[in-house]
Amino acid sequence: MSVARAYGVSGAAEPEYRAPRDCPVCGAGLQVTRLSCGSCASELSGVFESCAFCGLNDADRDLLRVFLVSRGNMREVERHLGVSYPTARQRYADLLAKLGLEGAGAPPDVDLEPRPRREDVLGMLARGEIDVDDAADRLRGVG
C-alpha cells in the first residue's frame, strides 16, 4: 500500500467543495437545514447538527488524517509533514484551537503527551513498532 493511500490522499482531480461554517453576511454560525440524495433526489429539511471537521481546510484535514492513522504518534506526523517536531506539535495545537479543543481542559503550559517510559520504548522497539533511531530519540526524552 502506498504512503499516499495509507493516509487517505486521493488522486482525484475533481474539486471538493465544502460548505462555509459562518454566514458571509453577519459572521454567525450557519446551520445545516437541508440534505439531499444524489441518487434519487429525495430531500430532507430540518435543523441538523453540523460537522466540526467539515470546515477545515485541506492542510488541516490532512494533519488530522495523519494523526489518526499514526495513532497519535507525533514523530510520524513530523515525518509526514516534513517539518521539525516542535512545528508538528504547533500545527496540531493550532488544529485543536480551530476545533475548539485547545488543551482539552488542561492548562496551556501542560504537555498533553505523556513522557514515554523506558520500558515502553524498549518494548515498542522489540515489537518492531519503531526503529532504532526513533527509540534513541524517545529515550533521550525519558525523565
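**Salt bridges**

Start with Arg65 and Asp62, whose side chains form a salt bridge at 3.6 Å, N to O; the term here means a side-chain nitrogen of Lys or Arg within 4 Å of a carboxyl oxygen of Asp or Glu. Both residues are in helix 2, three residues apart, or about one turn of the helix; helices are DSSP runs of H or I, at least four residues, numbered from the N terminus. Asp62 is buried at 18% relative accessibility, while Arg65 is partly exposed at 27%. Buried is under 20% relative accessible area, exposed is over 50%, and partly exposed is in between, with a 1.4 Å probe and protein chains only.

A word on the source: this is a predicted model, where local features need pLDDT of at least 70 and side-chain atom pairs count only at pLDDT 80 or more, while totals for chains, interfaces and linings use all residues. Residues are numbered from 1 along each chain as its sequence is written, and side-chain values use heavy atoms, leaving out hydrogens and water.

Next, Lys98 and Asp60 pair at 2.4 Å, N to O, in another salt bridge. Lys98 belongs to helix 4 (residues 85-98) and Asp60 to helix 2 (residues 58-69), so this pair ties together parts 38 residues apart in sequence. Asp60 is buried, at 11%; Lys98 is partly exposed, at 43%.

Arg34 and Glu43 also make a salt bridge, 3.4 Å from N to O. Arg34 is exposed at 54%, and Glu43 is partly exposed at 48%.

Finally, salt bridges link Glu76, Arg79 and Asp134 in a network. The count by this rule is seven salt bridges.

Methods: Helices (H or I, at least four residues) and strands (E, at least two) are DSSP runs, numbered from the N terminus.
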